[in-house]
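The following questions and answers concern the structure shown below.

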Amino acid sequence: MEAKNEKLVRFCSDEKQQNRFMSWGGKADSSQLNSDGKWKITDSLNFGGSKVFPECQEPWHKHILDPGSEIVLNWNRIFIVSCLLALFVDPLYFYLPSIGGIKGSWCAKTDYKLRIVVTFFRTIADIFYLLHVAIKFRTAYVAPSSRVFGRGELVMDPKKIARRYIRSDFFIDVVATLPLPQIVIWFIIPAARTHRTNQNNNALALIVLFQYIPRLYLIFPLSSQIIKATGVVTKTAWAGAAYNLLLYMLASHVLGAAWYVLSVDRYLSCLKSICKREESPTKCLLEYLNCDASDNIQHTVWIKNTTVFQSCDPNEEDITFKFGIFENAVTKQVVSSSFMRKYLYCLWWGLQNLSSYGQNLSTSTFIGETTFSITIAIVGLVLFAHLIGNMQTYLQSLTLRLEEWRLKRRDTEEWMRHRQLPEDLRKRARRYVQYKWLATRGVDEESILRGLPADLSRDIQRHLCLDLVRRVPFFSQMDDQLLDAICERLVSSLSTEGTYIVREGDPVTEMLFIIRGRLESCTTNGGRTGFFNSITLRPGDFCGEELLAWALLPKSALNLPSSTRTVKALIEVEAFALRAEDLKFVANQFRRLHSKKLQHTFRFYSHHWRTWAACFIQAAWRRYKRRKMAMDLARMESFALMDEMVRVDAEDEEPDPLAPIKSNLGVTILASRFAANTRRRRGAQKIKDVDLPKLPKPEEPNFSDEPDD
């Protein structure tokens, strides 16, 4: 019952707690304050017998975002894609004006279906820009004064964030967010409806260009933020190449759309200039050039008698108006084609002239046309150089390791040729370089792991090596702590066919644990005559166990132990190696094991111990056979002596004056035979001992907990 009466309290800071109480509509009653001005918990928050305990959590719309968090990074990637789509949508406004009617009676009109589609996608893009503005008001920034060391300190105050944002990028973001083209084509143009509405495209083009510049500018700081957070805009080299190609295609798209709207404007300029000079047989009015006036009777009469369209036809020889670079748009009827036809043609025109820097353009003396051509040449040169440079960088990064390997292989060949190495050594060197490339692809794993934090490097090593290490039976008896210590210090070792890992008598520098391949391990017991032992090491076996016995000594000598075996790779071998200094550390960890189980496991899987055990068993078996043979021979001789004594006793029953002499002679003969047999057996034993030298017992690894003083 006492537990039910206890009050559970969730604490938060004084300022937050006070604001929390005030935000619920409560007043700062003096009864709720302690003597030091702090809040105290009262029963005023009871509702119907149940207590309400406010959490110290702010609403989601009041959270301050970390600029390096995953949420901001993902939003920046989404927003940069929306920016690219918005930059693609905006030039589509240039395709709204077009030339309608039939040949001989052209007129200016606006594509209403395209206007609806473009407005829809443009509005969606504006929503993303508006969300970006709202997110930047809630994104913290690093205080410039705190960048002396490390990342710096984040400023989380909403007022300071808003003040800094308004002073920096707020104006550009607002200009890029405003729906100016929608306002112009849906409100301003219909309100100012005149007979020149479909002919004046300059206002719409200027508004789109005015807003296109800040939208294009926003991509660069956004890309910079992504690069600061992740290092690259795209995760793969192919994606980076595609990203730069997309930017180049976007520039071609903008250039083709601008060429189209200028072509329409240039053609309408020709029609208006000729229309103003035409007085007979029917006076030309500018309103006749609009498709809205096609139902007018006077327009029908003017169409039958006018020569305006023939005077603006580039196919006519006596035309006086010069279209220049816009001539193809009129002669090929691009200005009067369907949207898909004219869009693809304009995109091809922009891509062609942007790639050739406008060299194929034949311009007139019109100032606007020459200015547009100069812009094409400059922009094309800069963008094409930027595209080629970035594409080369990204594509070269795909084959960078391969080129480094080729250079290293070429340097190796030149060095071997310069030193005049024999052909067998050259083949071995080539085989090793080729095998190492296939196994690692030119990546230095050790340098990568050294550059990571110790904890992360240890986890990666555990992930890579733990399953393989557990295949080694010697490691199966160890706990996770020892396995972690071993995995942290293991290094990969690659050996080609015919490589000698270690030779008998050489110092042992590492202990090798085989993962793949086969090794031949042989010994001559120090070069003694008549002794040779050879075994095959397979995956799961290890060699260099002399180093473990050396490392487990309480006071290890500075000199490394000598190898008792010669180890040679039969095929390509992949293994893990424990160097001497690393094995010394791991051996100190082994001392924590207070059992003989690890020692017995080491003896069982050690081929050095197996060889010694086999020789020990063979020697014991031979000693047993010799002892048994000696016992059998002694038994047979004792039986023969007893028979002789029985025969002598039988002869004693008959009186013979020479009996004592014969008895002494028989005993003497038997004694001489027994002595001769004994000398013969000893000599044979000495010969056998010389023929079968004893194999010394391996050093006993000291698995004790504390070293002996």
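Q: In which loop is Gln333 found?
A: The model is a predicted one. Gln333 has a relative accessible area of 36%, which makes it partly exposed. Its place in the chain is the loop between H12 and helix H13 (339-355).

Q: What is the phi of Gln333, which is not a glycine?
A: Most residues other than glycine have a negative phi. Gln333 is not a glycine, yet its phi is positive, at about 55°.

Q: Is Tyr357 buried, partly exposed or exposed?
A: Tyr357 lies in the loop between H13 and helix H14 (367-398). Although Tyr357 is not a glycine, its phi is positive, at about 60°. Buried would require under 20% relative accessible area and exposed over 50%. With a relative accessible area of 27%, Tyr357 is therefore partly exposed.

Q: How many residues apart in sequence are the parts that the pair Cys270 and Cys312 ties together?
A: Cys270 and Cys312 form a disulfide, with their sulfur atoms 2.1 Å apart. Cys270 belongs to helix H9 (residues 237-277), whereas Cys312 is in the loop between helix H11 (308-311) and helix H12 (327-331). The pair therefore ties together parts whose separation in sequence is 42 residues.

Q: Is the link of Cys270 and Cys312 left-handed or right-handed?
A: Both cysteines are buried: Cys270 is at 0% relative accessibility, and Cys312 has a relative accessible area of 0%. The angle about the S-S bond is -105°, and the link of Cys270 and Cys312 is left-handed.

Q: What is the torsion about the S-S bond of Cys275 and Cys284?
A: The structure holds two disulfides, and one of them is formed by Cys275 and Cys284, with sulfur atoms 1.7 Å apart. Cys275 is buried at a relative accessible area of 0%, and Cys284 also counts as buried, at 6% relative accessibility. The disulfide of Cys275 and Cys284 is left-handed because its torsion is about -100°.

Q: Is Cys522 buried or exposed?
A: The cut-off for a buried residue is under 20% relative accessible area. Cys522 has 17% relative accessibility and therefore counts as buried.

Q: At what angle do the axes of helix H3 and helix H4 cross?
A: Two packed helices are described by the angle between their axes and the distance between the axes. For helix H3 (residues 70-89) and helix H4 (residues 112-137), the axes come within 10 Å. H3 passes H4 in a left-handed crossing. The crossing angle of the H3 and H4 axes is roughly 145°.

Q: How many of the residues of the contact of H3 with H4 are nonpolar?
A: On the H3 side, the residues include Trp75, Ile78, Phe79 and Val89, and on the H4 side they include Phe121, Arg122, Phe128 and Ile135. Three residues of the contact are polar and one is charged, while the nonpolar ones number 13.

Q: Which strands are the edge strands of the open sheet of four strands?
A: The four strands follow the order S7-S14-S9-S12, with antiparallel pairing. An edge strand here pairs on one side only, and this applies to strand S7 (491-495) and strand S12 (542-543).

Q: Which residue in S14 is the bridge partner of Ile514?
A: Strand S9 (residues 510-516) and strand S14 (residues 573-579) pair in the antiparallel sense over six bridges. The bridge partner of Ile514 in S14 is Ala575.

Conventions: Residues numbered from 1 in each chain as written. Predicted model: local features only at pLDDT ≥ 70, side-chain atom pairs only at ≥ 80, totals over all residues. Heavy atoms only, no water. Axes fitted to C-alpha atoms, helices over the stretch in contact; angles between N-to-C directions. Helix = DSSP H or I, 4+ residues; strand = E, 2+ residues; numbered from the N terminus. Left-handed = near helix turned anticlockwise from the far one by under 90°. Contact = heavy atoms within 4.5 Å. Nonpolar A, V, L, I, M, F, W, Y, C, P; charged D, E, K, R; others polar. Pairing = 2+ DSSP bridges. Disulfide = S-S within 2.5 Å. Buried < 20%, exposed > 50% of the residue type's maximum accessible area, 1.4 Å probe, protein only.
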